[in-house]
Amino acid sequence: MIALGLEGSANKIGIGLISHPSANEPPIVLSNLRHTYPTPPGEGFLPKDTAIHHRAWVVRLIKQAVRQAGVKIEDIDCICYTKGPGMGAPLQSVALAARTLSLLWGKPLVGVNHCVGHIEMGRAITHASNPVVLYVSGGNTQVIAYSAQRYRIFGETLDIAIGNCIDRFARTLMIPNDPFPGYNVEQLAKKGKNLVDMPYAVKGMDASFSGILAAADLLAAQIDENLPLEKRLKTEDGELVTKADLCFSLQETIYAMLVEITERAMAHVGSTQVLVVGGVGSNKRLQQMMGLMARDRRGSVFATDERFCIDNGIMIAHAGLLEFKTGVTTKLEDSTCTQRFRTDEVFVGWRD
Amino acid sequence: MAAVRTFVLPHYPEYPIQIALFKDVTNAAFLRSQLLEANSDFDYAFIDASMILTPTHLLSPVFLSLHLHLTTRLKTRTPHSEIIFRLHPNNNIGESYRKFGISDTTTTLIAVRLSLTPDVTRESVAKHLGDVVEGTSVDVGERGEMLGEWGDVGLVRKVYKLGDGGGAKGKKGAKGVAIGGGVDERREMESVILGIMAIKGL
Amino acid sequence: MATATDTPATPPPQHTIHILPAPFTHSPLTLLAQGAEALVYRTVFLTPHTPCVLKYRPPKPYRHPILDKRLTKARLLAEARVLVKCRKDGVTVPAVLGLDAENGWMVLEWVEGGSVRGVLDGWVAGGGRFEGVEAGNGVWGLMRRIGRAVGRVHDIGVCHGDLTTSNLMVRTGASAVRGESEGPQTQTQMQRPKRLTPSALREAAMTSDAPPVFELPPEEPPPPPSKAQSTSDLEGDIVLIDFGLATQTVQDEDRAVDLYVLERAFAATHPGAEALFQEVLRSYGESYKGGRSVLRKLEDVRLRGRKRSMLG
């Protein structure tokens, strides 16, 4: 069976085709295309402009993806699209494209939960059978474990998402957005070595990141090169604190928080596997820290690379096809999208 | 020779603690002057026995002092002065001495000496204390049973600001009493005091 | 696979063997439990006949050492402060006997008894059924004592943060028997009627094969259990343990979440005990002045769940 997946819940539009040959064979990625809405340093992406970007790219990408996959329209079994969660306008623009294709080609629709897409893609790529999942992206921060036909949320952010925190931190420090802010923060952090105190806020299995941003504003002002030397922020040894130090400290702080809540969830459910999905999951320091934690628990970490970590159409196609095979489709009149769509609302009919 | 008992703290068996108790002491002023002069022969913690409620009340600061000494984190000059300091609920060293140390008029005192070097033995301590303390030596008992014998519950309650909590009195304390079993006010107080000493200054 | 509110099956102590800090490095200790945060051992403290619990938060290798030290210290201290506050205000929790926050350890009073979870499981194993328990059954009294115990903690301005039936203990009389303290106590202490309950016996059996820890004045042997003295497992003071996530707060919201977590834990761990749990809430509502308004708040919390709905 073959599915076409359309994803556009944030600043990336992703189109992909996947094939599920048979029950015992691994899925085959036929094509996986993506285009990111670029924004200049110091700026984020607005829903309206992002939607315009998606509308401008969606047809091109679909044509290219189908061509690259080498399939005929009649080989496609269903059209899968992101129902939510995400930003309203971009979601709508992609849902509209999905509906149009469905009518045009006469194919059933499957509305997919974005988070479940990440989880299923991660499981398929890494072969982690029943991991605790850390889902970290620009819009989401959740610790998830599967139980009784649901992906249950054990812990999550109490305010803003981790990726949002990193993006806004980068904006405050005027770190470029290209290719994406988190990448540049990660590169800068490698040059940092001084740990600056930042709010570490973990409550049980939940975490809070908004305090970090407030601190970042203050810290950014204190390292401004236009300040007289005596007013600049220094370490205990009198060294000037740099932008790189702040990136380093940010990563050390927020990733430790993530690893801590993940470990708590693992201890809680008695699992030794952890799967990291979502755009922030591509961060090497996070993966390394997670690895150290898992090693201590005699467990293992599973992570995917940028192709599948970062939002993509394939994961929507894959999760949608899993659901489609259980007989579930989304009727045209129900093919809406929603900004709020919790991971645990989805009935996971395709797992034991 | 004074009656000295040797206590061995679990986890620190290599550093025995020598403890002696005296009543009807007549030369507290002299002993105190030796401390003030930092006479190295008087390397003891001299504690006013009315401030000690139970044996554990004494052993806890002794443990802390030894532990901090061995991990080089003393806040005062010697592990013995640290015992006096650790007994007090806050960080004022002078105040600790005024409350828990001996005064010129003290008549009942407890002397503590850590055997940090091999030459400090029960015999050496017994001989020295027997020579210098003018008073009646009291055997503290195998488990230090006598150490709390002169403890003044009211005074101790006041120093640790226990108010009506942590003991037999008070509205919310009413249920708390049952923890220790029966009406053991001292035991209930002790459990709070140990906590207060453990978290102080942090 | 556990559900969201399952109490974890304590993983067997098979993980990395940690080297304990001074002065416990060379002491023979019995590992009781390993959580995500702390290792819990049984040992003795101050005197060879004072059993205690050693709680050690080992360094986290993934965390920057400076950050790790700062967090470990702050958390241990916060936990110790809450415990001391509880004891000061007469709430039944383990007393803090010793602390070295810099090095990540805390020594707590040994509480003799079993967890409410174990007691209820034992009750069910012994033929008890949660549905339709008759009025006079001791299990009702246990529920009432749980409600009161939680109410008392809330009343003094503390929220536990992780209320489960594993973190509630039923204290048996055996602690007095073991000579928890020493010296004058053993002489002046009122000799309470000793209750050696089956769970205390199980506990004793569990710990008796531990290596002899210290050779010092022998303990008086505990008196043999006597049928006449033993009472039901269900009796005994409720002692709250593990305040690692506790906060000092008087907000109804926090208190309601505390109750909600307990309710979910009850539902997940003791299926069918919903009616019994109502008794916990009823007695909680009566246990202190603010109790009823917390119960009203609990209804809100139930409706929305512990977490609010949020933007994706």
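In β3(A), Thr36(A) is the bridge partner of Lys12(A). The structure described here is a predicted model. Strand β3(A) spans residues 28–36 and runs antiparallel to β2(A), to which eight bridges join it.

On its other pairing, β2(A) meets strand β1 (residues 2–7) of chain A, again in the antiparallel sense, over six bridges. Ile2(A) stands opposite Ser19(A) of β2(A), and a hairpin of four residues joins β1(A) to β2(A). Strand β2(A), residues 12–19, is mostly covered, with eight of its eight residues buried. Lys12(A), Gly14(A), Gly16(A) and Ile18(A) point one way from the strand, while Ile13(A), Ile15(A), Leu17(A) and Ser19(A) point the other way.

Chain A also contains a helix pair. Helix α5 (residues 181–191) packs against helix α7 (residues 243–269) at an angle of about 110°, and their axes lie 7 Å apart. The two helices, α5(A) and α7(A), are therefore roughly perpendicular to each other. From α5(A), Val185(A), Leu188(A), Ala189(A) and Lys191(A) take part; they meet residues of α7(A) including Cys247(A), Phe248(A) and Leu250(A).

In soluble globular proteins, nonpolar side chains tend to be buried together. The largest nonpolar core here has 130 residues, of which Ile47(B), Leu109(B), Ile110(B), Val112(B) and Val96(C) touch the most other members. Helix α8 (residues 185–199) of chain B supplies the largest share of this core, eight residues. Neighbours within four places in sequence aside, Ile110(B) is in contact with Ile19(B), Leu21(B), Ile47(B), Ala49(B), Ile52(B), Leu58(B) and Leu147(B). Apart from that core lies another, of 113 residues, among them Ile15(A), Val58(A), Ala97(A) and Ala319(A).

Most residues other than glycine have a negative phi, and most peptide bonds are trans. The exceptions considered here are tabulated below.

| Site | Feature | Value |
|---|---|---|
| Asp178(A) and Pro179(A) | cis peptide bond | omega about 0° |
| Ala22(C) and Pro23(C) | cis peptide bond | omega about 5° |
| Asp24(B) | positive phi | phi near 50° |
| Lys161(B) | positive phi | phi about 50° |

Pro179(A) is found in the loop between α4 (162–172) and α5 of chain A, whereas Pro23(C) belongs to the segment before β1 (30–34) of chain C. Asp24(B) is located in the loop between β2 (17–23) and α1 (28–36) of chain B, and Asp24(B) is exposed, with 10 other C-beta atoms within 10 Å. Lys161(B), in the loop between α6 (153–159) and α7 (173–180) of chain B, is exposed, with 12 other C-beta atoms within 10 Å.

Key. Residues numbered from 1 in each chain as written. Chains lettered and ligands numbered in written order. Predicted model: local features only at pLDDT ≥ 70, side-chain atom pairs only at ≥ 80, totals over all residues. Buried ≥ 20, exposed ≤ 12 C-beta atoms within 10 Å, placed from the backbone. Pairing = 2+ DSSP bridges. Axes fitted to C-alpha atoms, helices over the stretch in contact; angles between N-to-C directions. Parallel < 35°, antiparallel > 145°, perpendicular 65-115°, else oblique. Contact = placed C-beta atoms within 7 Å. Core = buried A, V, L, I, M, F, W, Y, C linked by C-beta atoms within 7 Å.
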